[in-house]
Amino acid sequence: MSAPPILQVDGLSKAFDVSAPILRRLLHGEGRTYLRAVDGVSFEIPKGKTVSLVGESGCGKSTVARLVVGLYTPTEGKVVFDGHDMAQVQGRAEMAKLRRRFQMIFQDPYASLNPRWRVLDIIAEPIRAHGLMSDDTAIARRVGELLEQVRLSAKDGEKFPHEFSGGQRQRISIARALASNPEFLVCDEPTSALDVSVQAQILNLMKDLQTELGLSYLFISHDLAVVYHISDYLGVMYLGRLVEVGPAREIFRDPQHPYTRMLLDAIPDLEMTGKKRIPVAGEVPSPIAPPPGCHFHPRCPFANERCRTETPLPVHIGERDVRCHAVEEGRLEAEVAAAKAKAPAAVA
Amino acid sequence: MADKRPVLDVRNLRVEFPTRRGTLTAVDDVSFQVGEGEVLGVVGESGAGKSITGTAIIRLLEPPGRIAGGEVWLDGERIDNLTAEQMRRVRGKRIGMVFQDPLTSLNPLYTVGRQLTETIMTHQELTETQARKHAIDLLGEVGIPAADVRIDQYPHQFSGGMRQRVVIALALCVNPRMIIADEPTTALDVSIQAQIIKLLKRLCEEHGAAVMLITHDMGVIAETADRVAVMYAGRIAEIGPVAEVIRNAKHPYTEGLMGSIPVVGHDLARLTQIEGSMPRLTEIPTGCAFHPRCPKRFGRCDKQRPELMQAGASRAACWLHDTAHAEAAE
């Protein structure tokens, strides 16, 4: 990673105030309650690469996406976009200049397009908002190009969103995101609402656009197979913390953190190899009162006293950062092997 | 399972939705059987008619949807022509159901225990104490810890995965012959999904129930089902043993579908792409409904509609496998 990264996230945290109403707090003598949705997350995105964040619902991955594009302000930590600390940017004009360079694609293509606007106006909105062009015929020509870039027809600009299927709508969202010539896209579950055959079309399109335009992606997903297909780097989140981050292929080949191992084991096995699995019990605890120490310890078959009390710090292993005491102590491999030997053969 | 009588036998089922602009056929001439202890997976993309097939079998179609043709047989008894009252007794007792969202399947105003005992007592001659004991046993069986305490809690006090376990307990409580599970794991996180699938499969084996598992997730099917039916535009495109359909698809649609699923460990620059999307019910193409998107279409595909025909160990509705005609020509 010699070139400076397009995005750097450093010690990012976000706490939401989820306190009871003030009257209730006064009557019952309750204090304020905070939900730490994101807790000390650090990673960077090299230019032209795709970094994915995966995790189960409530792990904070979408909150990270919103923090990165500035829809939320961080409680702690910073977001550095192409060398500019987003919190230090002075004045609206400076901010607008930076904002043009990154855009977001949302999960639900039915909710993210205004049903009363024509597609032409939807896609032209960022062009007009950033004052990139003022001549209407020039804008129409540019929208036509964008529509063709996402493999729709230039004539589709005259239509309304309801005339399109889910996959076509997601293409329109992508065209809108591309309208301001961004370098970096944040994609929050862009294919989760789509059928698999349509998902394949969108994923192929995203990869093509990355090659054509040199885009960098922050990709949020819960689907590990999709993530495997699209990512260069991967971050695994659990209850607000990044438990493992590093090159995607490496993590898939040789996961370190017990949670990553569990997630990879839980992928339904399309090839029916009947692989051995370590059974994992339990569910994600409430993020309002996360377990002390390592958040994963109540579900972790390898947890010991230290895991229950002390928060693990990132340990560097090659290009990877892992937050796990057992990995740090070097006891995990032997214990996993022992557990696998005991595990019942294949869930079948 | 050819010599044994199937638990569920669906013959030429047809479901229609009359609308002002004409009648839409959501399920068109669908036939399949599910044997005892067997799990039949039904996959397809949205709009393929898989859920409608399930709801038609248990006769819970939302009006104006109606069964326009075909027969449904359960254990050798025809059930599609029963009266609403007779059908009510079949549902719950002989056919159990598990739906996608466990929160909407449970009544938020009643404790889990009350819902379970009520169902048990509706279908079985048991006293309340006996029914309650049975309910606690069931909750234990589906893996809910401290079942004797949790039975008196309300659905909102359970997490998503635990709620789905309650729904499974509810479906199994009177030992039904048949379970229809419509996207039972779609609303759950991956780590919970694996637990629920395992549970469903184990319980059905133990209780000897036949299962119709409706899902859009091929991975779930691969893990659970014995046979699989792939639906497209209201019809079965291919049906066969799960390993055969997944590894050696016979219908071009199944082939495209399998290719479009990203797989961990497969390094591909691009996924296989089926151009276009599933047709709307108002504009189902003539001939084979898949022909406008099919890379292997030829002369007759847009004119004649293919029925299911033998293709290896599976059956596929595709003219590529029309050996009967080829032989007749010889």
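Q: Which residue in β8(B) is the bridge partner of B:V43?
A: In this predicted model, B:V43 is bridged to B:T215 of β8(B).

Q: And how do strand β3 of chain B and β8(B) pair overall?
A: They pair in the parallel sense, over five bridges. Strand β3 covers residues 39-43 of chain B.

Q: OK, what about strand β7 of chain B and β8(B), how do those two pair?
A: Strand β7, residues 178-182 of chain B, also runs parallel to β8(B), with five bridges between them. One spot to look at is B:D182, which stands opposite B:I214 in β8(B). To get from β7(B) to β8(B), the chain goes through helix α8, residues 190-207 of chain B, and this β-α-β crossover is right-handed.

Q: How many of the residues of strand β8 of chain B are buried?
A: Six of the six, covering residues 210-215, so the strand is largely enclosed by the rest of the structure.

Q: Which residues are on which side of β8(B)?
A: B:A210, B:M212 and B:I214 are on one side, with B:V211, B:L213 and B:T215 on the other. Both faces are covered, as those residues are all buried. As a general point, side chains in a regular strand alternate between the two faces of the sheet.

Q: Let's zoom out. How many helices and strands does chain B have?
A: Chain B has 12 helices and 12 strands. Its C-alpha trace spans about 70 × 50 × 45 Å along the principal axes.

Q: Switching to helices: at what angle do α4 and α5 of chain B pack?
A: At about 115°, with the axes 9 Å apart. Helix α4 is residues 112-123 and helix α5 is residues 128-141. The crossing of α4(B) past α5(B) is right-handed.

Q: Which residues in α4(B) and α5(B) meet?
A: From α4(B) there are B:G113, B:L116, B:T117, B:I120 and B:M121. They meet a set in α5(B) that includes B:E128, B:A131, B:R132 and B:L138.

Q: Now the cysteine, A:C59. Buried or exposed?
A: A:C59 is buried, because 27 other C-beta atoms lie within 10 Å. You'll find A:C59 in the loop between β3 (50-54) and α2 (61-69) of chain A.

Q: What does A:C59 touch, leaving out residues up to four places away in sequence?
A: A:M237, A:Y238, A:L239 and A:G240. There's also A:A37, 22 residues from A:C59 in sequence and 7.1 Å away in space, C-alpha to C-alpha.

Q: And how many residues of chain A are in contact with chain B?
A: 32 residues of chain A, in contact with 33 residues of chain B. On the chain A side, α7 (196-213), α8 (224-230) and α10 (258-266) each supply at least two residues. α7(A) gives the most, with eight residues.

Q: Last one: where is B:L82 in chain B?
A: B:L82 is in the loop between β5 (77-78) and α2 (84-90). It counts as partly exposed, with 16 C-beta neighbours inside 10 Å. Leaving aside neighbours within four places in sequence, B:L82 is in contact with B:M87 and B:V90.

How values were computed: Residues numbered from 1 in each chain as written. Chains lettered and ligands numbered in written order. Predicted model: local features only at pLDDT ≥ 70, side-chain atom pairs only at ≥ 80, totals over all residues. Buried ≥ 20, exposed ≤ 12 C-beta atoms within 10 Å, placed from the backbone. Helix = DSSP H or I, 4+ residues; strand = E, 2+ residues; numbered from the N terminus. Pairing = 2+ DSSP bridges. Right-handed = clockwise from strand over helix to strand, strands pointing away. Axes fitted to C-alpha atoms, helices over the stretch in contact; angles between N-to-C directions. Left-handed = near helix turned anticlockwise from the far one by under 90°. Contact = placed C-beta atoms within 7 Å.
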